[in-house]
Amino acid sequence: MKILIIGDIVGRPGRNILKEHLQELISEYNIDIVIANGENAAGGNGLTRKVADELFEMGISALTMGNHVWDQKEILKFIDEEVRIIRPANYLEETPGRGSIALNFKNSKIGIINLQGTTFMPCNRNPFFVALEEVEKLKKETNIILVDFHAEATSEKIAMGYFLDGKVSCVFGTHTHVQTADEKILQNGTAYITDVGMTGPSDSILGIDKELIIKKFTSSVPVRFEVAKKGPAQINAIVISVDEITGKCYSIERINKIYA
């Protein structure tokens, strides 16, 4: 099984570039299923029903989230019913939505877990302990398990990779919007990358208009962030190959494409 995992989709530029090129990537890499992080897909902050439906219609099978999950308040109206959206599992137990799913695919299932880091980020429960709980639950249904660890610190992400090595198929980092070049297969068959990167405007600072970010760093005036609207766009992603029986990965390839 070949799985395409897309880095944080940022605003309309991210959605538009996927609309234009996602099917090309699926054909080029012979992809079976597509997963993406969608927490910045609506205007650069959060996710709306309309935007979620747009992404699903493109061929994305599930959307993981992160610390911006509640930025669009309307998500509270549909996150409980929409099983294809996964918010961090280590939020408090009464939080709306779900932190993991077993996604039906052909004659098998794929487990997906979303976790949020604790370093430099607000968090409620230890993601390492919650990861084990979620893995144990999903193992009853499938050996193919993907973990989106939405975290700031590289050390925390790397630690999670080694912590879950052999227990899950892939641990991939999101949140920083900067793709890392450390993709690898760990000793016990888990694919790992510290950050998948960002899908959105490449002539920007993490997807935001670069002049606004520069102004923030060079003045004491509050700045309202806006998604960059001009210039080329990029797709950051990884492709992993997974043994459907054991759930172990035997390859991981990084994708970094820029479209004028």
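A residue counts as buried when its relative accessible area is under 20%, as exposed when that area is over 50%, and as partly exposed in between (1.4 Å probe, protein chains only). Keep in mind that this is a predicted model, where local features need pLDDT of at least 70, side-chain atom pairs count only at pLDDT 80 or more, and totals for chains, interfaces and linings use all residues. Residues are numbered from 1 along each chain as its sequence is written, and side-chain values use heavy atoms, leaving out hydrogens and water.

Let's start with Glu54, which sits in helix 2 (residues 49-58); helices (H or I, at least four residues) and strands (E, at least two) are DSSP runs, numbered from the N terminus. Glu54 counts as buried because its relative accessibility is 17%. Setting aside residues up to four places away in sequence, Glu54 touches Arg15 and Lys19, where contact means heavy atoms within 4.5 Å.

Now look at helix 4 (residues 154-163), where Glu156, Lys157, Met160 and Gly161 are buried. They're on the same side of helix 4 because they cover an arc of only 140° around the axis, judged by the directions from the helix axis to the C-beta atoms. Their cover includes helix 3 (127-138) and strand 8 (145-150). Facing away from that buried side, you'll find exposed Ser155 and Tyr162.
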